[in-house]
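I opened this notebook to record what I looked up in one structure. Each entry is kept brief.

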Amino acid sequence: MLKEITSKKPNKKILLLGNDAIVRGALEAGVQFVSTFPGTPASEIGNTFYQIQNSEYKIRNLYFEYSVNEKVALEAGIGASFSGLKTLVAMKHFGVNVCSDALLPFLYTGSKGPTVIAVSDDPNCWSSAQSEQNSRAYSYLAHLPTLEPSDSQECKDFTKIAFRISEKFKIPVMIRLTTRVSHQRMPVKLSNLPKFNSKGIFIKDVERFVTMPPRVLKMKDELLEKIKEIKKFSEKLEIVRKESPSKSKLGLITSGISYLYLKEALQELKLDIPVLKLGIFYPLPEKEIEKFIKSKSKVFVLEELEPYLEKEINILAKKVNPNLKVIGKNLLPETGEFRPEMIINALAEFAGVKYEEPKSKAKVPSVKHIPQLCPGCPYWLIFSAVKRAVDEKKVIFGGDIGCYMLGGLPPHNLQDYLSCMGASIGIAHGIKKSTKNQKLIAFIGDGTFFHAGIPALINTVFNNSNPLIIVTDNRITAMTGHQPNPGADNVTRRIKIEDIVRACGVKNLKVIDPARQKEFIETIKNFINKKEVSVIIARRPCIFLKRKNETKK
Amino acid sequence: MKQKNKQSNIIIVGTGGQGLITLLKIVSEAAFSQGYDVKTSELHGLSQRGGSVGVHIRMGKKIHSPLVAKGKANIVIALETQEALKGVYFSNKETVFLINKNIIPIPFKKSFSEKEIVSVIKKSSDKVFLISASEICREKLGKDVVAGIYLLALASFKKLIPLTPESILKGIEKIVPKRYFKLNKETFTLAKKNEEKIF
């Protein structure tokens, strides 16, 4: 696969996962700097770059890194862009929350080296615990131009277009994906790879790179001006396209994955209704939309999650066609992902045609295999020690993001709250400060500790609270596919979690192999009664890491 | 290849770790090499560690949606017996079910029996086949990881999918590490030998 994805003059089609098509698109655009923090459904973007750069197909003059979190990943990308490099930053949707602080000013300064931010949303929360986030809201919040591909071919093509827009308008561009786009495979036509230029150069330009009043407001004006220009530009983009010349009074407007279900539904119902496919979500090509809706009596807007597009079209309709009926979320859900039959049914209703859904007489009982910790996973040992050390009913258990989330499911049931990365400690502090004698154990993985746990830990020391924190250290970022983190073995300079914990001022600290159950249990019993915060680093490598290393030998 | 105009929708169900994504890759490479347009959908991540999983593979002249619509599957391949029930949603009277006799218990729940499972599915489809793929592969090849390949081979020999054994083997060669190719090839030979006995 690496050979094909890096081939210089392919002139053929290969099967590509949506995320891998993003990689190929960036390569075809001549990307020079890539940073990411792994998160499903975006993980493969980073994984593939990592594999390429650690293989015989390594691309010279291309820098790749797994950053410690999405904020520093974006900041690194901003630095690369300021130095003139073509830059890609990839993350899952929650990563945008983490990096949003750096994102907004980046739109003000603009990019120098063309910059694309690939973000994958997860409708239906297939691999996302904390919320069903619609990252399109950031397009508005940050004034971030946003493209929405439907399939792998478009993932590749749109990435190149995004780089083009970024280059032309000196602005970062977001490619917004969803699970069913990121994890879709199809034959993708490849183009040639360009030459990859070498190092950039940072040329001082205070006017451009320093956001500080009073200049910052001027920058906002400039940003708004850019958006206006991009809007004009987007009207002519090939990714905004009208399909079917039929004179029907009905119209369909859509983008992203919904477009594919819609095409399927039109075929199934044998309907010929014009479709406006919007490859760009922000800024919207309003003129094209106005032209499309002007002569229509009824349009159906198909979009997953919150109806941002539908609202925009309602506003435009007021201007050019006040009698237009705009249908959207009254026929389709706002929660969860779409399914093809959902769109067939909704389209049938919209178009006033009959559709008999295939019905089965079978009454199917529910079967649900719950995800489990892998056999041999060291976390079994951690949860079992905790269960034996304390009275579960009397202790609050804080969960965090990683494989150890499974501690919240049977047979463990050790999770009383779960929020975002690092929150096991942050919330633990708040609970300890707000309650009298309630005991609390917070679980946090090694990757998550590096990502967002450290400031929260410092806060427990700084503001003096006493949760017991168990760092479930399996020496790798396991859940998303074994990406290295600063505490892993295969890094240039390993950073020891115990050194950080000590430096944060934590006095009660112990590193234990959870296989030593007796010692582990004793330490939990001892630490949970301490007046100050305590940390146990339960260290034992992920079972797959062990196996991988063994097969390598 | 006239059959290219025919669409084939495949659902593979099972539990995380049974190799569904590998199967998906093999099938889609095979279909692609035979000149089909292909779209697939899979899921990654934590929910897949031993949890219920289903992947979709669609092939035909021109495919839009990566997901199979309700009632539109041509074949359901179940690597775990109980998970076969998930296939009913995608099935119609003509849908073929190839079900591995391999019940993975759900903790704290009584497993459904093969009989119960088949009787439910039979209300939807007439073509339900229970096959001891895991057991046969374990006995004859010493490994049951190839149970999915065994079912896939049967589907190919019986022409339940429009893919030839040759193109599937080509897909395997492309996707599976070299050292496992022999095992996969033996799985095909085994499936060929047992083909007549099964259905």
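I worked with a predicted model, in which local features need pLDDT of at least 70, side-chain atom pairs count only at pLDDT 80 or more, and totals for chains, interfaces and linings use all residues. Residues are numbered from 1 along each chain as its sequence is written, while chains are lettered from A and ligands numbered from 1 in the order in which they are written.

**Entry 1: helix α6 of chain B.** I listed the buried residues of this helix (residues 165-175) as Ser167(B), Ile168(B), Gly171(B), Ile172(B) and Ile175(B). They lie on the same side of α6(B) because they cover an arc of only 150° around the axis, judged by the directions from the helix axis to the C-beta atoms. An α-helix has 3.6 residues a turn, so residues three or four places apart point the same way.

Entry 2: I found 8 strands in an open, mixed sheet, ordered β1(A)-β8(A)-β2(B)-β3(B)-β1(B)-β4(B)-β5(B)-β6(B). Strands (E, at least two residues) and helices (H or I, at least four) are DSSP runs, numbered from the N terminus; two strands pair if DSSP finds at least two bridges between them. β2(B) and β3(B) pair in the antiparallel sense over 5 bridges, and Ser41(B) has His56(B) as its bridge partner.

Key: Buried ≥ 20, exposed ≤ 12 C-beta atoms within 10 Å, placed from the backbone.
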